[in-house]
Amino acid sequence: MHSSNTVSLDAIERILREQHSLLGSTGLGIAFVRQQEIVSCNDRCAEIFGHGAAHEMLGRHGASLHPDEKTFRRLRRRARLHMAQGLTFRTESQLRRHDGALFWGGITGRLINPAAPGEGSIWTLDDIDEQRQAQALLSTALREKQLLFDHASVGIIFMRRGHLTRCNGHFETMLGYGPGELIGTSARDWFASTAEWERIEENFTRQLAVGLSSEGEMMLSRKDGGTVICEVRCKLIDANDPDQGTIWITVDITERTQAQAALAKVHEQLEQQVRDRTRELSATVEDLHREMADRKRDQDRIYWLAHYDPLTGLPNRTLLADRSTQAIQLARDNGTPLAAIFLDLDHFKHVNDSLGHRVGDTLLVQIAKRLRSVVREKDTVSRIGGDEFVLLLPGANAHGAARVADKLLEASRQPYQIDHHELTMAPSMGIALYPQDGMDFDTLTQSADVAMYHAKLDGRNTFRFFTPEMRAQSLRALQLENALRRALERDELQLHYQPQVRIRTGRVHSVEALLRWNHPKLGPISPAEFIPVAEDTGQILQIGEWVLRNAVRQLKAWRLAGLTELKVAVNLSAIQFHQPQLPDLVSQILHAAAVPPDALELELTEGVAVNDPRTATETMDQLRSRGVRLSIDDFGTGYSSLSQLKRFQIYKLKIDQSFVQDLDHDGNDRAIVSAIIRMAQALGMQTTAEGVETEAQLQFLRDMGCDEAQGYYFSRPLPPGDDLLQFLRSRQAPAFSSSRR
Ligand SMILES: Nc1nc2c(ncn2[C@@H]2O[C@H](COP(=O)(O)O[C@H]3[C@@H](O)[C@H](n4cnc5c(=O)[nH]c(N)nc54)O[C@@H]3COP(=O)(O)O)[C@@H](O)[C@H]2O)c(=O)[nH]1
């Protein structure tokens, strides 16, 4: 320290104190070694080697401080080479503590006097064991990271200011670059498009600015021009210092994306197929629904046609049978009454024949509506034939059924307006009651039918309850109907003639043709019985024509036989009268027999004009214009009005025999007969009284001014034989009297 040759003891002591202080205050261990042994050291050195104090280190051989002798010698050799040159030897080596534990120490050594190595050396020691361990850990971590970096199956890049500063091999391979080729490149260089880069940069910058990691998909460009789709996660290396740049982890999802795209395409194709199939299916389902609806509609239509009358919409016989069976079951189970009404329209056929089927159909529809309006909802109104209806009335007893029949009659009085025709259509009805008149559908309706037939026999436009006797009578009617079919061809019919005598002169001007039927087995059958049957079955047309032809032919025979002025009266059924061809038929028959028209008188009943006065008037006009005379038969029993009589220009009124028969003792009949005669006179019509049997009756009629009489009093209806000819000749009108009425 001092260059002076004499150093004071104080100075030496001070120097020693300074050195001691220096050695004590340093964090390094310091030792002086001579002859490989420690001759002096500081406390730190002792502490490092695990001794409590420095003096414990003194005299320790250097080799004991090293892991083994070999290590010591090698280090000593290296140190001596260095230190012999006056240099400081530095090394890091493992050392052994006092307790035997090894530790890393940082060692420097230097000869105190390189010129005199024997003076020993000074060694400093730093305990770097923790540092070495930390370094070892660090380098392990770094190695591991490097390994991860090098062998990661994702691309890792470090970016700063938009440029790549480092990347791993995976990223280079991903973009087809060689090692290091990408260093320093701008990200823009390997983005597929500028737009793509700007989009990513903007997204990443925005998210990273707020300290978030950012992620997204991007399309990068390979060196060879191909494209790579990457999933990228980007993060700031130091959130506090954006200048440190960013790390990007990139995953090549090209295949995955393509697979997904392919999958999506397949999925879309599948979905499209499903949509197509669904559409096809729904079209098929719709078709099926439509087909089912069509089939249902067809079935409904078939059912409807099978169960309803197409014209009126009313239930037909089939449905009536169903409902009747149910109603009978119910009536039986509950003990409740049930009635059936068989309704037939009187002379409906005339409407069809004279006005045509269109008018007839329209009329039927209106009638059906009216029938329906009369009964209750639960009642059934069915149409089972042309003009035949059956009404089923559950819960109705005799009283109830009669009330319904009355209401139907009442309703039928209102005329129907069809085009310019005002038509009235009366019904005949038969009523049958469950269970007494039938316990099943067929029997019940048959009973009602039979009762209806009797209503017709009893004058029509009325109703009758079924009685057991009626059935027998109906069988008779059926028998007659069948027999009547063959009556003409078997020549069973015959005409009888009843003279009509002028009351004032006693002479006979005309005879009435009256039909007779003598059946070989059934015997003589009254026209009063078989004419209604013939009318019901339509056979009256054929029979009526036969009557007309034969009556005119007989008249011709009589005329040729000398009864030159004789006339014949023929009864005309209403059904005949409504035949449009009637006037022509009459003319043809008269012409064929060469009989003048005024020799024929047609007897009509009052009812012929009731239903359709206009058509009746036309027919009458036609007949009259051809010269044929018309008379009203059974006058007083029907509904003729004075205006009608006047309009029809009727030639003669035949006073019904029911008024004549009781003239002797019934003042009313006398009044009626006298009124009819006066009325006829006032209207310029002839009068003939039917059924005159007594002189008293004849006298009264004479007194009243009646023109003609007909009855058993003069003669019964006789066959055209000698007796009748004799009678006629005896009362023949003189030729001049034929012009008088
Ligand atoms: N559409 C047609 N109707 C005809 C025809 N022929 C007859 N008839 C009608 O049948 C009903 C019954 O006729 P009938 O049994 O012949 O009775 C007639 C006379 O026989 C009978 N009569 C005559 N005089 C007397 C009498 O003094 N007493 C008495 N109890 N009866 C008598 O009266 C009937 C007269 O008939 P009409 O003058 O026509 O009224 C009858 O309604 C006939 O019209 C036919 O060819 N077509």
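The model is a predicted one, in which local features need pLDDT of at least 70 and side-chain atom pairs count only at pLDDT 80 or more, while totals for chains, interfaces and linings use all residues. Residues are numbered from 1 along each chain as its sequence is written, and side-chain values use heavy atoms, with hydrogens and water left out.

T185 is buried, at a relative accessible area of 16% (buried means under 20%, exposed over 50%, and partly exposed in between, with a 1.4 Å probe and protein chains only). Its side chain reaches the backbone oxygen of L182 at 2.6 Å and makes a polar contact with the side chain of W190 at 3.0 Å. A polar contact is a pair of N or O atoms within 3.5 Å; within protein, one must be able to donate a hydrogen and the other to accept it, and residues adjacent in sequence count only if both atoms are side-chain atoms. Setting aside neighbours within four places in sequence, T185 is in contact (heavy atoms within 4.5 Å) with G162, H163, L164 and W190.

Now for some backbone geometry. In general, most residues other than glycine have a negative phi, and most peptide bonds are trans. Against that background, look at H347, whose phi is positive, near 60°. H347 lies in the loop between β11 (338-345) and α9 (348-355) and counts as partly exposed at 22% relative accessibility. Further along, a cis peptide bond with omega of about 5° joins Y434 and P435, and P435 belongs to the loop between β16 (427-434) and α12 (441-457). In the loop between α12 and β17 (463-465) you will find N461, a non-glycine residue with a positive phi of about 50°. N461 is partly exposed, with 30% relative accessibility.

Next comes the ligand. Which residues are closest to it? They are E512, D633, Q657, E690 and E693, out of 24 residues that surround the ligand, each having a heavy atom within 4 Å of it. By class, this shell has nine nonpolar, seven polar and eight charged residues. Its largest share, four residues, comes from β19. Oxygen atoms of the ligand lie 2.9 Å from a side-chain N or O atom of D634, 3.2 Å from one of K654, and 2.8 Å from a backbone N or O atom of Y712. Taken alone the ligand exposes 800 Å², and the protein buries 83% of that, with areas from the Shrake-Rupley method and a 1.4 Å probe. The elements giving two or more residues to the shell are β19 (508-519), α14 (527-537), β23 and α20.

D666 caps its N-terminal end, with a side-chain oxygen 2.8 Å from the backbone nitrogen of N668. The buried residues of α21 are D669, V673, S674, I676, I677, M679 and A680. They pack against β23 (629-635), α19 (642-648), β24 (652-655), α20 (657-661), β25 (686-689) and α22 (695-704). Just after α21, G684 takes a positive phi of about 75°.

Technical notes:
Nonpolar A, V, L, I, M, F, W, Y, C, P; charged D, E, K, R; others polar.
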